[in-house]
Amino acid sequence: MRFRYFAFDLDGTLVDTTPALTVGLDETLDQLGRRRVGADTVARISGHGLRALLRSAVLMSGSPIGDLELSEAVRAFRAAYERELIERAVPATGARETIAKLVESGAKAAVLTNKPTRSSVDLLAHLGYADLLDYVVGGDLDLPRKPDPAGLLTLLEHWEARRDDALLVGSSRVDMQTARNADVHIALCSPFGDLHRIFGLGADFVLDGFEQLVPLAGLVETPAPIRRPSI
């Protein structure tokens, strides 16, 4: 099987934004008079949007707050996070080089993220992806967010691609569910965490490094990806 269309998750896959999230969340919790939760907790509970992250952090430090106060706090959180994002973002090792090689071989690449489109585009441009990606599908478009398959299916429609020719590359259970909901193959990686945490999720491929995507596009310069054991 060879894939020609690659949709990449952003945070936790191509880049680690935990440092920027942590700084922004710390500032917001300070303003609310709540205790900070720390980077490890942020990494564990993020992935469902800033509002959900802030709500969870608030609940860890006491009683919930009202919707109006939460909405105001989310605006402050977003401003602080976006201010820190470019400077503190950590790129995944080998990701850009691998995507460049895939695109040079004739493959298509895009990003599918629950993060806002504008900040995602700015971040990707800063990291040197602008000339490699066909599309960036963000979480603020008029589409349901992951794990709903709508964003991924929209990409396939734009590409005029068959589902069997596409691969979603992600790093979380949400990405896994998105791929299964779209009936698209999934490769999981963990460039910023323990690889073992994704082994039990049931992915079609588990990547030890981004270079292992190369043989999936028909190139054979690197070892094949780790496959999920048969059950």
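Tutor: Begin with a cut-off. Angles under 35 degrees count as roughly parallel, over 145 as roughly antiparallel, 65 to 115 as roughly perpendicular and the rest as oblique. Keep in mind that this is a predicted model.

Student: What describes two packed helices?

Tutor: Two packed helices are described by the angle between their axes and the distance between the axes. Now take helix α1 (residues 18-32) and helix α3 (residues 50-60). They pack at an angle of about 50°, and their axes are 11 Å apart. α1 and α3 are therefore oblique to each other. The crossing of α1 past α3 is right-handed.

Student: Which residues in α1 and α3 meet?

Tutor: From α1 come Leu21, Leu25, Thr28, Leu29 and Leu32. From α3 come Leu50, Leu53, Leu54, Ala57 and Val58. By class, this contact of α1 with α3 has nine nonpolar residues, one polar and no charged.

Student: Next, Ala73. Is Ala73 buried or exposed?

Tutor: Buried means under 20% relative accessible area. Ala73 has 7%, so Ala73 is buried. Its place is in helix α4 (residues 67-88).

Student: What does Ala73 touch, beyond residues up to four places away in sequence?

Tutor: Ala73 touches Thr28, Leu32 and Leu54. Compare Leu25 too: Ala73 and Leu25 are 48 residues apart in sequence, and 9.7 Å apart in space, C-alpha to C-alpha.

Student: Which other residues of α4 are buried?

Tutor: The buried residues of α4 include Leu70, Val74, Phe77 and Glu84. What covers the buried residues of α4 includes α1, α3 and α6 (117-126).

Note on methods: Residues numbered from 1 in each chain as written. Predicted model: local features only at pLDDT ≥ 70, side-chain atom pairs only at ≥ 80, totals over all residues. Heavy atoms only, no water. Axes fitted to C-alpha atoms, helices over the stretch in contact; angles between N-to-C directions. Helix = DSSP H or I, 4+ residues; strand = E, 2+ residues; numbered from the N terminus. Left-handed = near helix turned anticlockwise from the far one by under 90°. Contact = heavy atoms within 4.5 Å. Nonpolar A, V, L, I, M, F, W, Y, C, P; charged D, E, K, R; others polar. Buried < 20%, exposed > 50% of the residue type's maximum accessible area, 1.4 Å probe, protein only.
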